[in-house]
Amino acid sequence: MAARRALKAVLVDLNGTLHIEDAAVPGSQEALKRLRSTSVMVRFVTNTTKESKQDLLERLKKLEFDISEDEIFTSLTAARSLVEQKQVRPMLLVDDRALPDFKGIETSDPNAVVIGLAPEHFHYQTLNQAFRLLLDGAPLIAIHKARYYKRKDGLALGPGPFVTALEYATDTKATVVGKPEKTFFLEALRGTGCEPEEAVMIGDDCRDDVGGAQNAGMRGILVKTGKYRAADEEKINPAPYLTCESFPHAVDHILQHLL
């Protein structure tokens with residue numbers, strides 16, 4: 001097997017890895033500082049569709065994470081790019097707090113459906129409207145297809161089940177833009193000058209964070225916080241490069257073994 005290249009970039013998931021809603025994972029701020037004291041580039045990649053990048057940044061600042069806007073790559077950013085490329089007018093099935101990331105996009109008389117996590121909008125009327133658009137040939141763009149995610153009150157359904165329901169009902173396939181899509185990880189690395197072999201991804205979602213990154217050629221570290229459930233590491237093949245307790249432990253490993 002070819003020797004691994006030196007590590008140049010670390011991609012870090014946000015919700016479930018650095019924080020859970022409004023609480024930081026213990027020790028994460030300090031661990032991030034230690035990671036930043038090295039020569040590696042740090043990027044934050046998230047499938048969150050519940051809030052705009054601006055709101056997300058505010059939340060992270062309140063938790064005392066030193067993160068700047070240009071270091072965050074979200075699936076909303078990727079979805080907006082695709083909408084612009086396709087030149088479509090989307091019906092936006094996203095949380096109202098995510099709408100600022102689609103500012104300036106024409107949405108009247110929609111001819112496409114963009115679906116993210118939108119608990120307030122996942123009711124029969126709205127889903128039926130999306131269903132009819134898709135039957136008329138509108139493309140279905142899924143911001144991501146996560147099965148579930150972690151909230152303060154426990155696990156909660158992600159957008160995946162709703163995307164799958166629309167696919168099933170209309171006999172179409174969604175274009176998925178977020179993790180675990182290979183293009184998402186490659187886009188996140190764009191501008192860093194790094195190859196996938198020179199990057200590591202740290203996340204709490206075995207399939208979307210770790211499996212997705214490893215399929216793109218990176219190493220994946222699974223943390224046992226957030227949505228992690230016992231034996232998740234056995235759900236993907238190849239298994240995660242490493243499974244550890246939390247983000248600070250992942251940083252310890254990187255500092256001791258990968259730099």
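## Close-up views of cores and rings

**View 1. F122 and F162 form a stacked ring pair.** In this predicted model, F122 has a relative accessible area of 13%, so this residue counts as buried, the limit being under 20%. The centres of the F122 and F162 rings are 3.9 Å apart and their planes meet at 20°, which is why the pair is described as stacked, a word kept for planes under 30 degrees apart. Because F122 belongs to the loop between β7 and α4 (124–135), while F162 belongs to helix α5 (residues 160–170), the pair ties together parts of the chain that are 40 residues apart in sequence.

**View 2. F73 and F184 form a tilted aromatic pair.** A search of the whole structure finds three aromatic pairs, and in the one shown here the ring centres of F73 and F184 are 4.9 Å apart, with 45° between the planes. F73 is part of strand β5 (residues 72–74) and F184 is part of helix α6, so that the pair links distant parts of the chain, 111 residues apart. Both of these residues, F73 and F184, are buried. Ring pairs also bring in F185, so that F73, F184 and F185 are linked into a cluster.

**View 3. The largest nonpolar core contains 30 residues.** In soluble globular proteins, nonpolar side chains tend to be buried together. Within the largest core of this model, L11 and F102 are the residues with the most contacts. At least two core residues come from each of β1 (9–12), α3 (75–86), β7 (112–115), α6 (182–189) and β12 (199–203), and the largest share, five residues, is supplied by α3. The core also draws at least three residues from domain 1 (9–47 + 179–258) and at least three from domain 2 (88–176).

**View 4. L11 and its contacts are shown here.** When residues up to four places away in sequence are not counted, L11 touches R43, V45, F185, A188, L189, V200, M201, I202 and M218. A second, separate core, which has 29 residues, includes A31, V200, F247 and V251.

**View 5. Charged side chains sit over the rings of Y241 and Y148.** R219 lies over the face of Y241, at 5.6 Å from the centre of the ring. In the other example, the charged end of K227 is placed over the ring of Y148, 5.0 Å from the centre of that ring.

Notes
Residues are numbered from 1 along each chain as its sequence is written. This is a predicted model: local features need pLDDT of at least 70, side-chain atom pairs count only at pLDDT 80 or more; totals for chains, interfaces and linings use all residues. Side-chain values use heavy atoms; hydrogens and water are left out. A nonpolar core is a set of buried Ala, Val, Leu, Ile, Met, Phe, Trp, Tyr and Cys residues joined through side-chain atoms within 4.5 Å. Buried means under 20% relative accessible area, exposed over 50%, partly exposed in between (1.4 Å probe, protein chains only). Helices (H or I, at least four residues) and strands (E, at least two) are DSSP runs, numbered from the N terminus. Domain bounds come from an automatic or database domain assignment. Contact means heavy atoms within 4.5 Å. Rings of Phe, Tyr and Trp (its six-membered ring) pair if their centres lie within 6.5 Å; planes under 30 degrees apart count as stacked, over 60 as edge-to-face and the rest as tilted. A charge sits over a ring if NZ of Lys or CZ of Arg is within 6 Å of the ring centre and within 35 degrees of the ring normal.
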